[in-house]
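Try each task before you read its solution.

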Amino acid sequence: MQTNELTLEEVQVASDRPLVPITVAHGDGIGPEIMDATLRIITAAGAAIAPEVIEIGEKVYLNGNSAGIAPEAWESLRRTKVFLKAPITTPQGGGFKSLNVTTRKMLGLYANIRPCISYHPYVKTKHPIMDVVIVRENEEDLYAGIEHQQTDEVVQCLKVISRPGTEKIVRYAFEYARAYGRKKVTCFTKDNIMKMTDGLFHKMFDQVGAEYPDIEQEHWIVDIGAAKLADTPEAFDVIVMPNLYGDILSDVAAQITGSVGLAGSANIGESCAMFEAIHGSAPRRAGQNLANPSGLLLGAVQMLVHIGQADIAEKVHNAWLRTLEDGVHTYDIFKEDTSKEKVGTREFADAVIARLGLKPQALKSVDYSTATGATFDIKVTPVPPAKKELIGVDVFLHWNNRDANILGEALKDFKAGNMDLTMITNRGVKVWPNGLPETFCTDHWRCRFKSEELKSSAYSDVIELLTQINAAGFDIIKTENLVTMNGEMMFSAGQGA
Ligand code: NAD
């Protein structure tokens, strides 16, 4: 992989300040076209940047690099600490990991900020009043990417939520709200079902929120919250969410402003930051000079504020608003009654460049004179280690017979330490003892050995128990320890148990 630079003439238009090195990836699909448009606009506005171009994405994957990024590219990223990235295509299947997710996690970019704003009446939308910032947790949740096929019939994906990860993103949302004069932070989780993982997220929201009494706060269960967001977005201001909900709902939020092509995104960490559009590489639109470059451009605007060039950011943003207002629209937002001129990617960029220095006349112009970027000094509260006691173990078996009573009979005499067989579940539902014949069973069984009186056992007892089960010919897939912390049970009950 080669790192090459755009010519100095290209980047030095109207700028006499020191150039800030940034890493740039042109991406796949519509990526190169929208990146070209974005770089042309911001350099014409006087952005003092020195782009180092790296190659990532589909070509790198298909050359046999399953991470989609070469080691030299990491060096550029770690040196510049600022990444302007066009969307990339993740080939499906074949063990290819999403490079977006890898980059966010490897560089510690824990906060993903996605403003979704409507531009009524200039961009057609069912939601004329909408100005929502989605703050998406960016490193955890189901995006930990830990998946296993466990039996012939069952695959598993681990949902990982950490206390410090959650505290950081929730604190970030409140700090962001304060810094940007926002009045309310809403949290979406599904903690009525995932009481421990989403439960921790909600608990941290309440706990951290108590330190921000000046900001209104509320929690919604994500399903009805999503419905409300799609129906009445004006009821929301800043919304903080775990990773997966944030990914899905930011696309929804952007799309209902008029087009998914309108929203930019900043991925912020302690030392690095990445700026992009929220949408993907839209391969069907590639190479036709059709795509709307606005999402990436607004990502670049956030980048300019981040690197201390807020005046340039303001100039670009206001010229872009004026372009929308003048009805110069790409195909995705073009409507006969609201638009005046249908343009391609390049012509849209030219239209924005022609308006640099102008402000919108009806839409509210932006003022970045006091903007400080979106990096906040977030500290995580240290928590003393709890008193942890092992009181049992869940042993997961791959077993092909469908009759839970046969399995119960076969396992019920195995014991070690203070652990006895107390329950068997299939896909989380109790099937032994006293299961229902109607419950559908797969070949994936969770057998819970534990002390009913919460008496502790040693891990050597778990090994002894597994030895017995293994010697009886069962196929052990994995185990999960059952613990108490400070006397409280730290595992979920079986459904119907
Ligand atoms: P997508 O966001 O690429 O496109 C979906 C549709 O939205 C397009 O067909 C197009 O009609 C519209 N659209 C998106 N961006 C547009 C723009 N700028 N202008 C006009 N219309 C636009 O979603 P997808 O088709 O599901 O994903 C395609 C590829 O992108 C996949 O390989 C996926 O993994 C990848 N992806 C990458 C990123 C990223 O790099 N950050 C994010 C999401 C998806």
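The exercises on this predicted model cover its domains, its ligand site and its nonpolar cores.

**Exercise 1. Domains**

Find the domains of the protein chain and state what separates their centres.

*Solution.* 
- Step 1: Domain 1 spans 8-354 and domain 2 spans 388-489.
- Step 2: Take the centres over C-alpha atoms. They lie 44 Å apart.
- Step 3: List who takes part in the contact. Domain 1 gives six residues and domain 2 gives eight residues.

**Exercise 2. The ligand**

Describe the shell around the ligand, then find polar contacts to the ligand.

*Solution.* 
- Step 1: Count the shell. The ligand is surrounded by 20 residues. Ile 88, Gly 280, Ala 282, Asn 292 and Tyr 331 are the closest.
- Step 2: Sort the shell by class. Eight residues are nonpolar, seven are polar and five are charged.
- Step 3: Look for N or O pairs within 3.5 Å. Ile 88 places a backbone N or O atom 2.9 Å from a ligand oxygen atom. The side chain of His 279 has an N or O atom 3.1 Å from a ligand nitrogen atom. For Glu 276, a polar side-chain atom is 3.2 Å from a nitrogen atom of the ligand.
- Step 4: Check the cover. On its own the ligand has 820 Å² of accessible area, and the protein covers 70% of this.

**Exercise 3. The cores**

Which residues touch the most other members of the largest nonpolar core?

*Solution.* 
- Step 1: Take the 79 residues of this core. Ile 42, Leu 84, Tyr 172 and Trp 320 touch the most other members.
- Step 2: Follow Ile 42, leaving aside neighbours within four places in sequence. Its contacts include Ala 47, Leu 297, Met 303 and Val 316.
- Step 3: Turn to the second, separate core. It has 25 residues, among them Ala 404, Met 419, Trp 445 and Leu 465.

Terms used:
Residues are numbered from 1 along each chain as its sequence is written. This is a predicted model: local features need pLDDT of at least 70, side-chain atom pairs count only at pLDDT 80 or more; totals for chains, interfaces and linings use all residues. Side-chain values use heavy atoms; hydrogens and water are left out. A residue is near a molecule or strand if one of its heavy atoms lies within 4 Å of it. A polar contact is a pair of N or O atoms within 3.5 Å; within protein, one must be able to donate a hydrogen and the other to accept it, and residues adjacent in sequence count only if both atoms are side-chain atoms. Accessible areas come from the Shrake-Rupley method with a 1.4 Å probe; for residues, only the protein chains shown count as cover. Ala, Val, Leu, Ile, Met, Phe, Trp, Tyr, Cys and Pro count as nonpolar, Asp, Glu, Lys and Arg as charged, and the others, Gly among them, as polar. A nonpolar core is a set of buried Ala, Val, Leu, Ile, Met, Phe, Trp, Tyr and Cys residues joined through side-chain atoms within 4.5 Å. Buried means under 20% relative accessible area, exposed over 50%, partly exposed in between (1.4 Å probe, protein chains only). Contact means heavy atoms within 4.5 Å. Domain bounds come from an automatic or database domain assignment.
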